[in-house]
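Read it with the sequence and the 3D view side by side.

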2 protein chains.
Amino acid sequence: MAAPRLQVSRRLRATPYTSRVEALGVSGYSVVNHTILPKGFRRSVEEDYWHLKTHVQLWDVGCQRQVELRGPDAAHLAQWMTPRDLGGARVGQCLYAPLIDERAGMLNDPIILKLAEDHFWLSIADADVLLWAKGLALGGGLDVEIGEPDVWPLAVQGPKSDELAARVFGNGVRELPFFGFGRFEFRGRDLVVARSGYSRQGGFEIYLDRFELGGELWDALWQAGADLDISPGSPNLIERVEGGLLSYGNEMTRADNPLECGLGRYCQLDESIDYIGRDALLRIAEDGPARLIRGVIFGGDACPPCQHPWPVSSGGREIGYVTSAIWSPRFEQNVGLAMIARDYWDAATEIRVRSEDGLERQGIVSELPMVKA
Amino acid sequence: MAAPRLQVSRRLRATPYTSRVEALGVSGYSVVNHTILPKGFRRSVEEDYWHLKTHVQLWDVGCQRQVELRGPDAAHLAQWMTPRDLGGARVGQCLYAPLIDERAGMLNDPIILKLAEDHFWLSIADADVLLWAKGLALGGGLDVEIGEPDVWPLAVQGPKSDELAARVFGNGVRELPFFGFGRFEFRGRDLVVARSGYSRQGGFEIYLDRFELGGELWDALWQAGADLDISPGSPNLIERVEGGLLSYGNEMTRADNPLECGLGRYCQLDESIDYIGRDALLRIAEDGPARLIRGVIFGGDACPPCQHPWPVSSGGREIGYVTSAIWSPRFEQNVGLAMIARDYWDAATEIRVRSEDGLERQGIVSELPMVKA
């Protein structure tokens, strides 16, 4: 059946860019952090994939809400919330950071922006990290202000991103290192602009800090890109799966720990720093994780969307499950992300995937990002 | 333009009843607590309204997730989280309870089910109360287990609810008092069944505690209601607005306190108990709230959906805003819920509403629930 329509209300918040994406014919939405996320325009996911890999796109990612920590205990709270060592972090740095609970279960995977020694934004995936941070601070008696500022990210993604961003913000943006941010002037405001984004095609995220300027910011970028084949876009499932970009709530839940999610390089696995879940995570690290998120490449016709995890088997044994999957025009097969048991996670292991349509499909385990042979 | 379609994924969770509502032609979804909420079937909202007031409906409200508190400090944590005095609460009682933060801002408005002296479910509106509770417990060193159990409410609503529920659960359900719950056998399980629900038409909420039984539970009720004109349904916006039932995220946010939300009768406004936000709430209570959620009844053609608060004025002064609104076939006018400043909140105060389509509409303030003259 056709996907049912999304019923709108104040609770499912619009963004500063909603009027623009609606004028451009947005065809689907998702909901992230109580905010609508455009998920498709007039072209197919495949056409969008090739466009993203060739040109430049504007993505309304206002749903990436910021949890602001500010004050004397801000740095302490930020470190308490993540296994990533924030000790050497510099102002102007973006840090991808797993957040975990006392059992080492994943709670979120934000990008942390260090704005000052006592000032952080956590640019979050879909969960109310604000409530987690407030609860920890209130329960623990910390001296820190926690709130959701009037900040609405807009992403510029694709190989022509540098050219487009430079036309609007000046050539200085070209100098930003990967996961670095600076302040760039727009209409008299100094906006945080970071070299980051939820694709492997390069680009920027602009942290607009005034809702009312959204239309102007969108229009300025849109007009500057007229000769660059600019298009509205959104996180592209094919590109994300091939690139091994995880999605909280899809690949990762509280039932998964960061080592299982392949995030060990973001975890300080000794007692040099203190953070929630450290003892649990160190115990898991002793033997290593029993399973790991991997790529899978599998055959048959184009698979349906993955709403419920799909069982993966090998030699008749159930060895894991797929959490996201889609047809890849580049591999000319289906590609997916899957949680796979240790004895089976080597690349090229032969597997079977039972998709939601009941079909058994033959395939293999793959590295992430996926590399075409 | 037509409402864009909702893109599905594992992250936007299906419920045990999703297959049934899809087979019955669900036409729209909302998203609550990372879970899909059916919001319309083959009939109009008006037709659904009359049906709900006359017959009986099954509502997939699996999105009303449960936050379970269990253990020695469970009662202490529950009381810390709400201004409502839980001291006299009995096992088997449902308690509507505002949750507030340290500034007395609304965080949620769950129904708390007291299952045992050390065991509670918070049946929540749209926000991750689980993270709030876990943060408080971890920060404060409380001895309590907090989790989201495998519990998926299904609502039976409408005047024929007693007859339908009695056919499936026995005549004992007829004896349940309003906001009381008991345990009733279904397929060998003792399910919590409460006399409650998000309408003013009476009915029950069944707390199914095993996902896999969802289809059987739905089918048993559906078949038992064949001669009762049973229908699939969902919270009805006309009925909810006329009945003055608030929606967290629409009428209430962290920027609003419970006195402004008309929830003073659920707040212990002295120092006899301790809870988060008590000092802030007592300060607000000294002078009383400066504004209050009220009904509004206003003219013009059927209004559009309210996505952004609509300004309300009186005598040229802005005095509040509408947060939910829809055409009422019973009043033959538009009805809405609005936050209104103190000097203007008396019933029959003349107002103007500027709706999202740019129209100025004349109307009046109304009591809640709304009473037709």
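How many bridges join strand 1 of chain A to strand 2 of chain B? Two bridges do so, and the strands run parallel.

## Ground rules

The model is predicted: local features need pLDDT of at least 70, side-chain atom pairs count only at pLDDT 80 or more, and totals for chains, interfaces and linings use all residues. Residues are numbered from 1 along each chain as its sequence is written, while chains are lettered from A and ligands numbered from 1 in the order in which they are written.

Helices (H or I, at least four residues) and strands (E, at least two) are DSSP runs, numbered from the N terminus. Two strands pair if DSSP finds at least two bridges between them.

## Where the chains meet

Start with the parallel pair from the question. Strand 2 of chain B covers residues 28–32. Within it, Gly28(B) stands opposite Arg5(A).

The whole contact takes 48 residues from chain A and 47 residues from chain B. Two residues are in contact if their C-beta atoms, placed from the backbone, lie within 7 Å. On the chain A side, the elements that give two or more residues are strand 1 (5–6), strand 2 (28–32), helix 4 (129–140) and strand 19 (317–328). Helix 4 of chain A gives the most, with 10 residues. By type, this side of chain A has 22 nonpolar, 16 polar and 10 charged residues. Here Ala, Val, Leu, Ile, Met, Phe, Trp, Tyr, Cys and Pro count as nonpolar; Asp, Glu, Lys and Arg count as charged; the others, Gly among them, count as polar.

## Two copies, one axis

## A six-stranded sheet in chain B

Now look inside chain B. Six strands form an open sheet in the order 13-14-15-12-4-16, with mixed pairing. Strand 13 (181–186) and strand 16 (231–233) are the edge strands, and each pairs on one side only. Neighbouring strands are turned by 30° against each other on average, direction ignored. Axes are lines fitted to C-alpha atoms, for helices over the stretch in contact, and angles run from 0 to 180 degrees between N-to-C directions.

Strand 4 (residues 57–60) and strand 12 (residues 152–157) of chain B pair in the antiparallel sense over four bridges. Leu58(B) has Val156(B) as its bridge partner there. Helix 2 (residues 45–52) of chain B packs on the sheet and touches strand 4, strand 12 and strand 16. Helix 5 (residues 161–169) of chain B packs on the sheet too, touching strand 12, strand 13, strand 14 (189–194) and strand 15 (203–208).

## Two crossing helices

The axes of helix 3 (residues 74–81) and helix 4 (residues 129–140) of chain B come within 11 Å and cross at roughly 115°. Leu77(B), Trp80(B) and Met81(B) in helix 3 meet Ala133(B), Leu136(B) and Ala137(B) in helix 4. This contact has six nonpolar residues, no polar and no charged.

## A hairpin

Strand 21 (residues 350–354) and strand 22 of chain B pair in the antiparallel sense over five bridges. Val353(B) stands opposite Arg361(B). Their hairpin has five residues between the strands, and Gly358(B) takes a positive phi near 90°.
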